[in-house]
Amino acid sequence: MSGARIFKAAPRILSRSASHARTYATDAPAGGPSFALTEEQAGIQDLARKFARESIVPVAAEYDKTMRYPWDIIKEAHSIGLLNTHVPEAYGGPGLGLFECAMISEELAYGCTGIQTAIEANGLAEAPLIVAGSDATKKKYLGRMTEEPLVAAYGVTEPGAGSDVASITTRAEKKGDKWVINGTKMWITNSGYANWFFVLAKTDPGAKPTHSMTGFVVDGNSPGIILGKKEINMGQRCSDTRMVTFENVEVPEENVLGKPGDGFKIAMKAFDITRPLVASGAVGLAQRALEEAMKYAQERKTMGVPIIQHQAIAFMLADMAIQVEASRALVWKAAWAKDSGQANTFYASMAKTLASRTAVENADKAVQIFGGAGFNSEYPVEKLYRDAKIFELYEGTSQIQRLIISRHLSSIYPNS
């Protein structure tokens, strides 16, 4: 699919020069930032918003109940260019910046974070290739993602190694001109439908943890890949999450990303891309919770007046709005920093931590404002409440994010 197909309603969206670095309005005054969107960014946001409200919101509850994988939605998203959005133009993608991708993720998550996670998992799997793949690898694996609606999976987490990536036990050994992978991954999104996997494996167990791992691209139809059952999770139930076992899976040398021993570094660089996108998904859920609670509070009456006129309710809504705006601003800063060529690890972790907590708290407040109705599955906030918690867990728990943040503080605020 060519980049020009992505936004029929906004034909100028992809007219980006090679030197384009700004992610805010191009006519912003020198010396200060602007929160105004460019015409192209507004077009991207409008397209994603329209898609979420017209194609996702009406079917989200049904996908949640049936736990059916949202193939139809994924195919439709692909057809209008809302899939694989940060794949470079050289490989058939639109080559959008992280800022634009974050806007898309927020809008999709407003509709359903389970569907958004299935879509965003593509971006997570693709990120290591964008960071470290050879030109041939990118053409082969990123190119096919833009040509037809396919999904990929990111295989790092294991039954005994989640946030502690250094503790993975999956091994890859060089045998002749191939690598042979053995091990088990867990909680792998899209694994039941993946065309290919990014797999992190130990290749030099005797080396320091940060130099002991290598990243591989593994074709989904490779002999020796064993898929576990679809896991039934508390929320985001239409997302496909499974255990994946690799038994003597052979991978050609050209499918090594970077060089042996670079895997940990590549995975961490990929998180600088994907954590702001996870955070933007949390903002989308938090925004939906705020809007649902606002609508209900203006319609529901107690003591003769809409409940929004009661200070106890009004203050909860005010707090929800504050946290949404603050979280979105931090997501935008993390994305802007990356697009500007700056190190964004610090801000990416901050964005994910704050936005994840905001999603959980806003969903909780929304249920409280709905009262007993919020505990019932006929109302949308019950699903939001179940969907929210995972944001504090996947792609690095909130505790790990705080660890990353705290380790940056000494260099930012040195002891004078």
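Modeller: Apart from its neighbours within four places in sequence, K383 is in contact with A60, D64 and C112, where contact means heavy atoms within 4.5 Å. This is a predicted model, in which local features need pLDDT of at least 70 and side-chain atom pairs count only at pLDDT 80 or more, while totals for chains, interfaces and linings use all residues. Residues are numbered from 1 along each chain as its sequence is written, and side-chain values use heavy atoms, with hydrogens and water left out.

K383 belongs to helix 9, residues 380-388. Helices (H or I, at least four residues) and strands (E, at least two) are DSSP runs numbered from the N terminus. K383 counts as buried because its relative accessible area is 12%; buried means under 20%, exposed over 50%, and partly exposed in between, with a 1.4 Å probe and protein chains only.

One of the contacts of K383 is C112, which is also buried, at 3% relative accessibility. The structure holds zero disulfides, a disulfide being a pair of cysteine sulfur atoms within 2.5 Å. What is the distance from the sulfur of C101 to the closest cysteine sulfur? That distance is 20 Å, to C112, so the two are too far apart for a bond. C112 is itself in no disulfide, and its nearest cysteine sulfur, in C238, is 4.5 Å away. C101 is buried as well, with a relative accessible area of 2%.

Helix 3 covers residues 98-111, and L108 is found there. L108 is buried, with a relative accessible area of 2%. Beyond four places in sequence, its contacts are F51, A52, I56, L82, Q116 and I119. L108 lies 201 residues from Q309 in sequence and 31 Å from Q309 in space, C-alpha to C-alpha.

How many cavities of 30 Å³ or more does a search of the whole structure find? The search finds one. On a 1 Å grid over the protein atoms alone, a cavity is a set of points where a 1.4 Å probe fits but cannot get out; a pocket is an open set with protein on both sides within 12 Å along at least five of seven lines; and lining residues have an atom within 4 Å of a point. Grid points are joined across faces, edges and corners, and a volume is the space filled by probe spheres set on the points.

The largest cavity has a volume of about 120 Å³. Helix 3 and helix 4 each supply at least two lining residues, and helix 4 gives the most, with five. By class, the lining of the largest cavity has seven nonpolar, six polar and two charged residues. Here Ala, Val, Leu, Ile, Met, Phe, Trp, Tyr, Cys and Pro count as nonpolar, Asp, Glu, Lys and Arg as charged, and the others, Gly among them, as polar.

Helix 4 also takes part in a pocket. The second largest pocket has a volume of about 370 Å³. Among its 13 lining residues, those closest to the centre are H86, G95, L96, G97 and I130. Helix 4 (113-132) and helix 7 (311-339) are the elements that give two or more residues to this lining. Six of the lining residues of the second largest pocket are nonpolar, three polar and four charged.

Phi of E395 is near 55 degrees, a positive value in a residue other than glycine. E395 is buried, with a relative accessible area of 15%.

W187, in strand 3 (residues 178-189), has a positive phi too, near 60 degrees, and is likewise a residue other than glycine. Is W187 buried or partly exposed? W187 is partly exposed, because its relative accessible area is 48%.
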